[in-house]
Amino acid sequence: MKIAKVSLPALDPLARDFYSRDPRLVSRDLLGKILVRRNRKRILSGRIVEVEAYLGQDDPAAHSACGRTPRNAALFGPPGLSYVYFIYGNHFCFNVSCLPDGEAGGVLFRALEPLIGIQEMAEARGISLRRDNGNNDLRKLTSGPGRLAEALGINRERDNEKDLTSVRSDLFIADDGFRPDRVEITARVGITKAVAHPLRYLIAGNEYVSKR
């Protein structure tokens, strides 16, 4: 698999206005952007290739459907906050809040194309990418919400309610000008409610998408 090269030092976090919109619009526009983790002096990053929109209290599959609670408060804003939750007793999922402050909505990040810090991501996931052992599948790094969170060291204690729009944040999303050639929209996966809604957005043909 070929890995694109990108220069990150000059990139700034997306502004809050980017997130203060319908999660469906935000989801589509997030495709191709870069998720960045500053880990001490090292940079880890991946291009966003798959996300899902969650529409707030009117969406039965959304965590905010039950109303505001201490657990899901980040989804109610302000826009651009991270919402991290633990699922199935074994992994974290990373989301960003959308819509104006006080309105619940969010986007779940499902897959990244790894760009920078690939070896560090592999170590964080406890896997080897050495060619001589036949285990050089880069999809194992960041394809799937749990995998990408583990690869970038995203967890609830460290990252929940983090302001992704702040220049001081060690976790943010940036735009390097890349635009997908084609976006595919499908039903969301891994849920039991509102399963038919076309709210999963992915870069068509990208090999790092979690479910094909």
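## The largest pocket

The lining of the largest pocket is made up of 31 residues, and those nearest its centre are Tyr85, Ile87, Cys93, Leu108 and Gly190. The elements that each give two or more residues to this lining are β2 (42–54), β3 (82–87), β4 (91–97), β5 (106–116) and α5 (145–151). The space in the pocket comes to about 510 Å³. Sorted by class, the lining holds 15 nonpolar, 11 polar and five charged residues. The model described here is a predicted one.

## The nonpolar cores

The largest nonpolar core has 39 residues, and the members that touch the most others are Leu30, Leu35, Phe109 and Ile173. Strand β2 supplies the largest share of this core, with five residues. Apart from this core there is a second, separate one of 12 residues, which includes Ala61, Tyr83, Cys93 and Leu108. Two of these residues, Cys93 and Leu108, are also among those nearest the centre of the largest pocket.

Leu30 belongs to helix α2 (residues 23–30). With a relative accessible area of 0%, Leu30 is buried, because the cut-off for that term is under 20%. Leaving out residues up to four places away in sequence, Leu30 touches Leu14, Phe18, Tyr19, Ile48, Val96, Val107, Phe109 and Ile173. Between the C-alpha atoms of Leu30 and Tyr85, which are 55 residues apart along the chain, the distance is 20 Å.

Leu35 has contacts of its own beyond its neighbours within four places in sequence: Leu44, Ser45, Gly46, Ile48, Phe94, Leu112, Leu148, Leu152, Ile154, Leu171, Phe172 and Ile173.

## The cysteines

How many disulfides does the model contain? The count is zero. The cysteine sulfur nearest to that of Cys93 belongs to Cys98 and is 16 Å away, and Cys93 is in no disulfide.

## Backbone features

Most residues other than glycine have a negative phi, and most peptide bonds are trans. Against that background, a cis peptide bond joins Gly77 and Pro78, with omega at about 5 degrees. Pro78 is located in the loop between β2 and β3.

Positive phi values occur at Leu99, at about 70 degrees, and at Glu161, at about 65 degrees, although neither residue is a glycine. Leu99 is placed in the loop between β4 and β5, whereas Glu161 is in the loop between α6 (156–159) and β6 (171–174). Leu99 counts as buried, while Glu161 is partly exposed.

The table below gathers the relative accessibility of several residues discussed in this report.

| Residue | Relative accessibility | Class |
|---|---|---|
| Leu99 | 15% | buried |
| Thr186 | 18% | buried |
| Lys140 | 31% | partly exposed |
| Glu161 | 41% | partly exposed |

## Further residues

Where in the model does Pro180 lie? Pro180 is in the loop between β6 and β7 (183–186). Not counting residues up to four places away in sequence, Pro180 touches Leu31, Gly32 and Ile203.

Strand β7 contains Thr186. Beyond residues up to four places away in sequence, the residues that Thr186 touches are His197, Pro198, Leu199, Arg200 and Leu202.

Lys140 is part of helix α4 (residues 139–142). From C-alpha to C-alpha, Lys140 and Ile127 are 8.4 Å apart in space, and in sequence they are 13 residues apart.

Definitions and conventions. Residues numbered from 1 in each chain as written. Predicted model: local features only at pLDDT ≥ 70, side-chain atom pairs only at ≥ 80, totals over all residues. Heavy atoms only, no water. 1 Å grid on protein atoms, 1.4 Å probe; cavity = no way out; pocket = protein on both sides within 12 Å on 5 of 7 lines; lining within 4 Å. Points joined across faces, edges and corners; volume = space filled by probe spheres on them. Helix = DSSP H or I, 4+ residues; strand = E, 2+ residues; numbered from the N terminus. Nonpolar A, V, L, I, M, F, W, Y, C, P; charged D, E, K, R; others polar. Core = buried A, V, L, I, M, F, W, Y, C linked by side-chain atoms within 4.5 Å. Buried < 20%, exposed > 50% of the residue type's maximum accessible area, 1.4 Å probe, protein only. Contact = heavy atoms within 4.5 Å. Disulfide = S-S within 2.5 Å.
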